[in-house]
Amino acid sequence: MSQSEIRHDWTLTEVDQLFNQPFNDLMFQAQMVHRQHFNPNEVQVSTLLSIKTGACPEDCKYCPQSARNKTGLQKEQLLEVAKVIKAAEHAKSVGSTRFCMGAAWSNPRDRDMPIVLDMVRKVRGMGMETCMTLGMLTAAQAQQLSDAGLDYYNHNLDTSPEFYDQIITTRTYQDRLNTIDYVRNSGMKVCSGGIIGMGEKAQDRYGLLKALANLEQHPDSVPINMLVKVKGTPLENVEDLEHFEFIRTIATARIMMPKSHVRLSAGREKMNEQMQAMCFLAGANSIFYGCKLLTTSNPEESSDVQLFKKLGINTERGREYSDEAFEASLIDAMKLSSQDNMFYEAT
Ligand code: SAM
Ligand code: DTB
Ligand code: SF4
């Protein structure tokens, strides 16, 4: 089997052809690529926490946290560090290896930085991988986060450059590309993906994948979110996307970015077990684990544990884990889970 090529020169026509080949051929190709780079029976699990909620000045039309969208969301100021640590401890104890902290900011203010840097150091000190998503960064802020030990920074392109203006007008596509550059140059790993099902055309799904795969380096992690339709947002009544389109998006992302983790991200609550299994078969190998995303709900931990058991999936060990830390987290997970509430099979 030839090694899948790492390319950064995709054309829209090529993406279209890849995406629209017969479904079985697409799935087979995606699974072959997946197996060249990953254990097909392992999925990485991350837990999300909203560290600052609502009242965001940006106008993202999908987002329950934009101040322009009347979603009735309870606003919350930046959380105390101790509360964040408590949530990270819980996430670790139930088997999550990465903790992702998100803030409803356009960008962090310099006076917020000491607090978020403290969060990074403390969560990392617990042996978890760390991820943050705080909006746009300056090069200096990215460097501060990197120096504090932040492993990943999430900043999504969200959609194609062509559709983008219909979704967000308060920051440009180029602003997003700049932040991604600063993150990469600071030494952190890039997490960048988008949202599917916002009423975009098929061409926009190809355009998003093309934009991600043609970055100078592929993002290390690519979250593919299915739009969560929240009442009070301009997209609350957008038409449902055909599920096969979503699975095809995952498979195409897998083929175009062979070494990246592709995350089956928001929207799993609306997907049955079979749909999620198809997404794993298409090459998704990361999920958000825990009953809440940032402000909306996610499947219960116990149902994810059941699904993983049915599929024979184990969780991927975090790269930061020493043998001792990994063993300790296994023991914690076992203690906490009286019967089924754990991921790990002792191997
Ligand atoms: N405020 C920061 C920013 O936008 O850069 C970070 C947090 S923001 C909530 C992170 C990402 O969540 C967005 O880029 C978007 O892709 C995703 N997101 C937000 N609302 C969503 C929704 N209703 N459905 C699916 N994904 C959503
Ligand atoms: C990403 O791509 N999806 C996550 C994470 N990055 C930060 C956020 C999903 C948010 C869904 C809506 C909410 O819960 O507020
Ligand atoms: Fe604000 Fe981020 Fe939501 Fe946009 S996606 S409104 S920037 S919290």
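Predicted model: local features only at pLDDT ≥ 70, side-chain atom pairs only at ≥ 80, totals over all residues.

User: Which residues come nearest to ligand 2?
Analyst: There are 13 residues around ligand 2, and those that come nearest are Asn 156, Asn 225, Leu 294, Thr 295 and Thr 296.

User: And which side chains have a polar atom facing an oxygen atom of ligand 2, and at what distance?
Analyst: Thr 295 has a polar side-chain atom 2.6 Å from an oxygen atom of ligand 2, and Asn 156 has a polar side-chain atom 2.8 Å from an oxygen atom of this ligand. Asn 154 instead places a polar side-chain atom 3.2 Å from a nitrogen atom of ligand 2.

User: How much of ligand 2 does the protein bury?
Analyst: Ligand 2 taken alone exposes 410 Å², of which the protein buries 89%. As for its location, ligand 2 sits in the largest cavity.

User: OK, ligand 1 next. What is around it?
Analyst: Ligand 1 has 18 residues around it, and Tyr 62, Trp 105, Asn 156, Asp 158 and Val 228 come nearest. Sorted by class, its shell holds 11 nonpolar, 5 polar and 2 charged residues.

User: Which backbone atoms lie by a nitrogen atom of ligand 1?
Analyst: A backbone N or O atom of Tyr 62 is 3.0 Å from a nitrogen atom of ligand 1, and for Ala 103 a backbone N or O atom lies 3.1 Å from a nitrogen atom of the ligand. On the side-chain side, Arg 171 has an N or O atom 3.4 Å from an oxygen atom of ligand 1. Taken alone, ligand 1 exposes 550 Å², and the protein buries 90% of that area.

User: Where does ligand 1 sit?
Analyst: Ligand 1 sits in the largest cavity, and the space taken by ligand 3 is also the largest cavity.

User: Then what lines up around ligand 3?
Analyst: The residues around ligand 3 are Cys 56, Glu 58, Cys 60, Tyr 62, Cys 63, Ser 66, Ala 104, Trp 105 and Arg 171. By class, that shell has 6 nonpolar, 1 polar and 2 charged residues.

User: Changing topic, what pLDDT does the chain average?
Analyst: The average pLDDT of the chain is 90, and 90% of the residues score at least 70.

User: Where does the pLDDT stay under 50?
Analyst: It stays under 50 over residues 319–323, a stretch for which the model has 18 contacts beyond four places in sequence. Residues 329–347 also have a pLDDT below 50, and that stretch makes 36 contacts in the model beyond near neighbours in sequence.

Methods:
Residues numbered from 1 in each chain as written. Chains lettered and ligands numbered in written order. Heavy atoms only, no water. Near = heavy atom within 4 Å. Polar contact = N/O pair within 3.5 Å; in protein donor to acceptor, adjacent residues only side chain to side chain. Areas by Shrake-Rupley, 256 points an atom, 1.4 Å probe, with all protein chains shown as cover. 1 Å grid on protein atoms, 1.4 Å probe; cavity = no way out; pocket = protein on both sides within 12 Å on 5 of 7 lines; lining within 4 Å. Sits in = over half its atoms within 2 Å of the grid points. Nonpolar A, V, L, I, M, F, W, Y, C, P; charged D, E, K, R; others polar. pLDDT = per-residue confidence, 0-100. Contact = heavy atoms within 4.5 Å.
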